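Subject: Structure handover

Hello,

Here is the structure I said I would pass on. Please open it alongside this message.

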Amino acid sequence: AAVAAVTSRIRLGTSTLVIPDHDPIMLAKRVSTLDHLSGGRVVLGVGAGWNLEELANHGSDPRFRWTIFRERVEAMKLIWTNEVASYEGTCVRINSMKQWPKPVQKPHPPVLVGGSGPTTAKRVLQFGDGWIASGRHLDGRDLKLRIDELQTMAAEQGKAPVPVMLQQGTPTAEAIEDYLKMDLVRVTFRVDPGDEGNVTAQLERLVRLVDPYRLESN
């Protein structure tokens, strides 16, 4: 919200929001509110989480985290897009309810499913609006192969090409050229924490790196 108040163009995203750690009704409300405050600039990167103790501390049974993940995302989408919403799943049950404001983006902010496992593509196509890959786990040729696999599966299901975003990309001109060939919709680069001078220096290096690819319309 603080960033939204002092910017007008930058996208505001999560990477990666562990859905089983959050109540779906409350989270849907927070996302809708932020989408309003930012004028429709929210991108929601989501995952099921890997820290089993963390999930348990938030009241989610780690054995069922993938079901909880899917059902809470599905429930939030219903809350965002229906005047009266309800959901009946295995782990998530929501009786008829109303929630406003609705998101500025229609039908809702894009939900990008994170992950790099063998079943990630299946989940993306099942209930996601795109895939958020991580350069820590997939990059270069391996990333391209997985993107090709995802797009082939989408075509076989009669779906349009799936938007793919990469987080923690490799900050080199050669990597950016490869990312452009992969038709990635967005790439983010890591900035390590530090004092103001250190962070500013990192940002300036990234500006010089990406400046040749800047689109004037953006």
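Below is what was found in it, from the whole chain down to single residues.

The model is predicted, so please read what follows with that in mind.

Overall form

The chain folds into 8 helices and 8 strands. Its radius of gyration is 18 Å, close to the 17 Å that the globule rule gives for 218 residues, so the chain is as compact as a globular protein of that length. Along the principal axes, the C-alpha atoms fill a box of roughly 50 × 40 × 35 Å. Among contacts with a separation of 6 or more, 57% are between residues 24 or more positions apart.

Surface and charge

Of the 218 residues, 39% are buried. The accessible surface of the chain is about 12500 Å², and carbon and sulfur atoms hold 53% of that area. There are 27 positive and 26 negative side chains. The centres of these two sets lie 5 Å apart.

The core

The largest nonpolar core contains 40 residues. Those with the most contacts inside this core are Ile19, Val46, Phe69, Trp131, Leu143, Leu150 and Leu184. Helix H4, residues 65-81, supplies the largest share of the core, with 6 residues.

Two single residues

His108 lies in the loop between strand S4 (93-97) and strand S5 (111-114). Is His108 buried or exposed? Its relative accessibility is 9%, which is under the 20% cut-off, so His108 counts as buried. Not counting residues up to four places away in sequence, His108 touches Lys77, Trp80, Thr81, Pro103 and Asp129.

Asp142 is in helix H6, which covers residues 140-156. With a relative accessibility of 47%, Asp142 falls between the 20% and 50% cut-offs and therefore counts as partly exposed. How far apart in space are Asp142 and Asn82? Their C-alpha atoms are 39 Å apart, and the two residues are 60 residues apart in sequence.

Regards

How values were computed. Residues numbered from 1 in each chain as written. Predicted model: local features only at pLDDT ≥ 70, side-chain atom pairs only at ≥ 80, totals over all residues. Heavy atoms only, no water. Core = buried A, V, L, I, M, F, W, Y, C linked by side-chain atoms within 4.5 Å. Buried < 20%, exposed > 50% of the residue type's maximum accessible area, 1.4 Å probe, protein only. Helix = DSSP H or I, 4+ residues; strand = E, 2+ residues; numbered from the N terminus. Rg over C-alpha atoms; globule rule 2.2 N^0.38 Å. Contact = heavy atoms within 4.5 Å. Areas by Shrake-Rupley, 256 points an atom, 1.4 Å probe, with all protein chains shown as cover. Lys, Arg positive; Asp, Glu negative; His and termini not counted. Charge placed at Lys NZ, Arg CZ, Asp CG, Glu CD.
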